[in-house]
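Try each task before reading its solution.

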Amino acid sequence: MGIKFRDEEKMIENANSYIDSLAIKCNGPKQAVGQLSGGNQQKVCLAKAMTMEPELLFVSEPTRGIDIGAKRLVLDSLKDLNRNENTTIVMVSSELEELVSICDRIAVVCEGKIAGILPPTASSEEFGLLMSGEKLEAEIK
């Protein structure tokens, strides 16, 4: 009798939970990830990270390759993880609209340096100025 390191039943239960909550299109929890579309592979990566119950989670372009309908599910899952599990999330994205919809603060990087940090309520013009390398007269923190 060997030592049991994994609870297969709990793993399947957890996988099915994420398949449902992130709308992962697959044949079931045992399907090879490599057989899924790129967007669904992206969701599996996110589910694996969330399963670890991290205190700090870095995500880069979490909705890239994901169809429009599922993008909201992914963003809402990140928001829930932050609010319900108290997980700090650092998100890198080229989609300003997504950042504004879920972030508390948005750091704009220009030429490899933080050009400024704005709240999600800042105007498009303020973001545009920072993105172009202009300094704001009164930077909002």
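Two strands count as paired if DSSP finds at least two bridges between them. Keep in mind throughout that this is a predicted model.

**Exercise 1. Describe how strand 3 and strand 4 are arranged and what joins them.**

Step 1: Start with the pairing. Strand 3 and strand 4, the latter covering residues 113-118, run antiparallel to each other over five bridges. With a cut-off of at least two bridges, strand 3 and strand 4 are paired.

Step 2: Pick out a facing pair. V109 sits opposite I114 of strand 4.

Step 3: Look at the connection. Two residues lie between the strands, and the unit is a hairpin. In its turn, E111 has a positive phi of about 55 degrees.

**Exercise 2. Work out how helix 2 and helix 3 are oriented relative to each other.**

Step 1: Recall what is needed. Two packed helices are described by the angle between their axes and the distance between those axes.

Step 2: Find both values. The axes of helix 2 and helix 3 come within 12 Å and cross at roughly 10 degrees.

Step 3: Classify the angle. Angles under 35 degrees count as roughly parallel, so helix 2 is roughly parallel to helix 3.

Step 4: Helix 2 and helix 3 cross in a left-handed sense.

**Exercise 3. Characterise the largest pocket by volume, lining and residue class.**

Step 1: The volume of the largest pocket is about 720 Å³.

Step 2: Its lining consists of 25 residues, and those nearest the centre are M91, C103, R105, I106 and A107.

Step 3: Assign the lining to elements. At least two residues each come from helix 3 (68-85), strand 2 (88-92), helix 4 (96-102), strand 3 (106-110) and helix 5 (124-131). Strand 2 contributes the most, with five residues.

Step 4: Sort by class. The lining of the largest pocket holds 16 nonpolar, four polar and five charged residues.

Terms used
Residues numbered from 1 in each chain as written. Predicted model: local features only at pLDDT ≥ 70, side-chain atom pairs only at ≥ 80, totals over all residues. Heavy atoms only, no water. 1 Å grid on protein atoms, 1.4 Å probe; cavity = no way out; pocket = protein on both sides within 12 Å on 5 of 7 lines; lining within 4 Å. Points joined across faces, edges and corners; volume = space filled by probe spheres on them. Helix = DSSP H or I, 4+ residues; strand = E, 2+ residues; numbered from the N terminus. Nonpolar A, V, L, I, M, F, W, Y, C, P; charged D, E, K, R; others polar. Axes fitted to C-alpha atoms, helices over the stretch in contact; angles between N-to-C directions. Parallel < 35°, antiparallel > 145°, perpendicular 65-115°, else oblique. Left-handed = near helix turned anticlockwise from the far one by under 90°.
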